[in-house]
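The entries below follow the order in which I looked things up.

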Amino acid sequence: CGTWQGSPAILTAGHCVNVGTTYRVGGDILGTGAFRRYDMDQFYDYGVIRYTGTNFTHTNKVLNNANYTTITSTLTSSSGLANTTVCKYGKKTAFSTGEIDKVNAI
């Protein structure tokens, strides 16, 4: 959870968001799809849901696998994501999962 264009928002995968669609959790309205970027040619896959619910807390944590990782930096030298399983796309394996072994500038 964070903010997007000054409003409470949730960052998620782009293939999960349709702009203008209302999203619910357990029958309660979570928010509305506000932005989607899903481009296979450039490997973009992120979306924003503008949060309109009543329970909102900013956080610097992301859920990966079954655990939360605290994001302490947006610099490429941050190693907080090492050992995290992520989805990836490659010429030989197409879509698959892999584990981040280190973070660098490349």
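Which residue in S2 is the bridge partner of Gly2? I looked it up and found Ala9.

**Ground rules.** I am working on a predicted model, where local features need pLDDT of at least 70, side-chain atom pairs count only at pLDDT 80 or more, and totals for chains, interfaces and linings use all residues. Numbering starts from 1 along each chain as its sequence is written, and side-chain values use heavy atoms, with hydrogens and water left out.

**Overall.** I counted zero helices and nine strands in the protein. Both kinds of element are DSSP runs numbered from the N terminus: helices are H or I with at least four residues, strands are E with at least two. The pattern along the sequence reads β-β-β-β-β-β-β-β-β. I then checked burial: 17% of the 106 residues are buried. Buried means under 20% relative accessible area, exposed over 50%, and partly exposed in between, with a 1.4 Å probe and protein chains only. The exposed surface comes to about 7900 Å², and carbon and sulfur atoms supply 53% of it. Those areas come from the Shrake-Rupley method with a 1.4 Å probe; for residues, only the protein chains shown count as cover. For contacts (heavy atoms within 4.5 Å), I took the pairs at least 6 apart in sequence; 34% of these join residues at least 24 apart.

**The sheet.** I traced an open sheet of five strands in the order S1-S2-S5-S4-S3, with antiparallel pairing. Two strands pair if DSSP finds at least two bridges between them. S1 and strand S3 (22–25) stand at the edges with a single partner strand each, so one side of each has no neighbour in the sheet. The twist averages 45° from one strand to the next. That angle is taken between N-to-C directions and runs from 0 to 180 degrees; the axes are lines fitted to C-alpha atoms, for helices over the stretch in contact.

**Pairings.** Strand S1 (residues 2–4) and strand S2 (residues 7–12) are antiparallel, with three bridges. S2 also runs antiparallel to strand S5 (residues 44–51), through four bridges. There, Ile10 has Ile49 as its bridge partner in S5. Strand S4 (residues 28–39) joins S5 by eight bridges, again antiparallel. I noted two of the S5 partners: Asp45 for Tyr38, and Gly47 for Arg36.

S1 and S2 form a hairpin with two residues between them. I stopped at Gln5, which sits in the loop between S1 and S2. Its phi is positive, about 50°, although Gln5 is not a glycine. Most residues other than glycine have a negative phi. Is Gln5 buried or exposed? Gln5 counts as exposed because its relative accessible area is 62%.

**Ser7.** I moved on to Ser7 in strand S2. Ser7 counts as buried because its relative accessibility is 19%. Its side chain makes a polar contact with the side chain of Arg50, at 3.1 Å. A polar contact is a pair of N or O atoms within 3.5 Å; within protein, one must be able to donate a hydrogen and the other to accept it, and residues adjacent in sequence count only if both atoms are side-chain atoms. Beyond four places in sequence, Ser7 is in contact with Gly2 and Arg50.

**The core.** Which residues make up the largest nonpolar core? I listed six: Ile10, Val17, Tyr23, Leu30, Ile49 and Tyr51. Such a core is a set of buried Ala, Val, Leu, Ile, Met, Phe, Trp, Tyr and Cys residues joined through side-chain atoms within 4.5 Å. In soluble globular proteins, nonpolar side chains tend to be buried together. Leaving aside neighbours within four places in sequence, Leu30 has contacts that include Ile10, Tyr23 and Tyr51.

**Ile29.** Last, I checked Ile29 in strand S4. Ile29 counts as partly exposed because its relative accessibility is 42%. Not counting residues up to four places away in sequence, Ile29 touches Thr22, Tyr23, Arg24, Thr52 and Gly53. Its C-alpha atom is separated by 9.3 Å from that of Thr54, 25 residues apart along the chain.
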